[in-house]
Amino acid sequence: MTNLMTDTTKNQSIDISSFGPISLVVIQPTSFCNLDCDYCYLPDRHLKNRLSIDLIEPIFKAILTSPFLGNYVDICWHAGEPLAVPVSFYQEVFKQIEIASQKYNTQQIPICHSIQTNGTLINQAWCDLFKEHNICVGISIDGPDFLHDIHRKTRTGLGSHASVMRGINYLQKNDLYFNIIAVINQDSLDYPDEIFQFFWDNGILDVAFNMEETEGINQTSSLDKAGTEQRYQAFMRRFWDLTVQTNDQLKVREFESICGLICDDRRLKKTDMNHPFMIVNIDHKGNFSTFDPELLSIKTEPYGDFILGNVLTDTFESVCHSEKFLNIYRDMAAGVNLCRENCQYFGVCGGGAGSNKYWENGSFNSAQTNACRYRIQIVTDIVLNALEQSFNLSNS
């Protein structure tokens, strides 16, 4: 990782010129979610807090005047159910963004918008908004109803699958492109064929898998159960075989990422989740953090909360010399160095995510996690083995 410091101490000056560039800003329009998924990490999803329209200008002033700004910025509305606020909220938000852009976007940096939603509230009015503002849509759905409805329930305990599919049908009728995120948990592992067939039959062709993680208020993962690793390997291997048969029509983020790095002979030195201010996370009060979005709403024993400042009083760069930031940064950098020195998968991982390290190992200053094993190492082995077989290299 470029210019990461492992000996940062209190009051020490640091060089922040390598921080950023900001590529993703996660903004929390509301902390509330209309679902109550049992593996969710968010602690305040029952609270109906809403972002004030008055915060839009200071938020975009902070982004567009930051020295960490790059050549573009993606704004993702997330960290609660973003459609739990009305369409009219976003109509006013986009008016205010346009006003703020005219004042502060002096370099005409492209601003793209996306929404990560559970999909249950999508209707024609939302589709009209997505079209009008060219908003990319990500849907959370865990496969067929008998798997999805085990964990993704309404606040009255009902399954949400039918509502999500109604939302997906709206997107498809409006020719709106979308991708999906499916959480793999213990219940998923015996059903790779059923999950694949569900996606294929419903025209869902852009898929990402998140594993059920131990993080936030989800203190344990069903994937921690003994014997899971072998079942996870079998699941991913079978999904690879099925995906290959589609002749590149169905894409799986995890396979695409590893294939891209291998085939282009590229290697990672860092990730957006362990390098400062590549990701900025802003909550409904205007509080901001960097690194993993999962850290924004969380308090931990060694680090406290991860709120570094507020857009009303602080700039992103002004918090980089605070004791809180230096403490987090020191451990995050040391953990990445541990990965670099000890893990043969570092080049396809870049040092992992601090949130996984903290919740699995107790500190950012640590290395391998189950998330590394499942998300990177197992997938890399499957892809490498398949590529070697395709080139008859397996026994050479």
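**View 1. The open sheet.** What is the order of the ten strands in the open sheet? It runs S7-S6-S5-S4-S3-S2-S1-S8-S9-S12, with mixed pairing. The edge strands are S7 (251-252) and S12 (309-310), each of which pairs on one side only. Two strands count as paired if DSSP finds at least two bridges between them. Strands (E, at least two residues) and helices (H or I, at least four) are DSSP runs, numbered from the N terminus. The model shown is predicted: local features need pLDDT of at least 70, and side-chain atom pairs count only at pLDDT 80 or more, while totals for chains, interfaces and linings use all residues. Residues are numbered from 1 along each chain as its sequence is written, and side-chain values use heavy atoms, with hydrogens and water left out.

**View 2. Strands S1 and S2 side by side.** Strand S1 (residues 22-27) and strand S2 (residues 69-77) run parallel and are joined by five bridges. Strands of a sheet pair through backbone hydrogen bonds, either parallel or antiparallel. Five of the six residues of S1 are buried (under 20% relative accessible area; exposed is over 50%, partly exposed in between; 1.4 Å probe, protein chains only). S1 is therefore largely enclosed by the rest of the structure.

**View 3. Helix H1 against helix H2.** H1 (residues 56-64) packs on H2 (residues 87-104) at an angle of about 40°, and their axes are 9 Å apart. That angle makes H1 oblique to H2. Axes are lines fitted to C-alpha atoms, for helices over the stretch in contact, and angles run from 0 to 180 degrees between N-to-C directions. Under 35 degrees is roughly parallel, over 145 roughly antiparallel, 65 to 115 roughly perpendicular, and the rest oblique. On the H1 side, the contact (heavy atoms within 4.5 Å) is made by Ile56, Glu57, Phe60, Lys61 and Leu64. On the H2 side, Val93, Gln96, Ile97, Ala100, Ser101, Lys103 and Tyr104 take part. These residues divide into seven nonpolar, two polar and three charged. Ala, Val, Leu, Ile, Met, Phe, Trp, Tyr, Cys and Pro count as nonpolar, Asp, Glu, Lys and Arg as charged, and the others, Gly among them, as polar.

View 4. Seven of the nine residues of H1 are buried, so H1 is largely enclosed by the rest of the structure. The buried residues are Ile56, Pro58, Ile59, Phe60, Ala62, Ile63 and Leu64. Their cover includes S1, S2, H2, strand S3 (111-117) and strand S8 (279-282). Val93, in helix H2, is buried, with a relative accessible area of 0%. Val93 touches Ile53, Ile56 and Trp77, not counting residues up to four places away in sequence.

**View 5. Helix H5 on the sheet strands.** Helix H5 (residues 161-173) lies across strand S4 (136-140) and strand S5 (178-184). The helix runs at about 155° to S4. The C-alpha atom of Ile168 is separated by 24 Å from that of Val93, 75 residues apart along the chain.

**View 6. Helix H7 against helix H12.** Helix H7 (residues 228-244) and helix H12 (residues 370-390) pack at an angle of about 50°, with axes 10 Å apart. The two are therefore oblique to each other. The crossing of H7 and H12 is right-handed. H7 contributes Thr228, Glu229, Tyr232, Gln233, Met236, Arg237 and Trp240 to the contact. H12 contributes Arg373, Tyr374, Ile378, Val379, Ile382, Val383 and Ala386. By class, the contact has nine nonpolar, two polar and three charged residues.

**View 7. Helix H11 and its cover.** Six of the eight residues of helix H11 (residues 354-361) are buried, so H11 is largely enclosed by the rest of the structure. These are Gly354, Ser355, Asn356, Lys357, Tyr358 and Trp359. Strand S10 (299-300), helix H9 (323-342) and H12 are included in what covers them. Gly362 follows H11 and has a positive phi, near 90°. Within helix H9 is Leu326, which is buried, with a relative accessible area of 4%. The C-alpha atoms of Leu326 and Tyr170 are separated by 46 Å.

Note on methods. Left-handed = near helix turned anticlockwise from the far one by under 90°.
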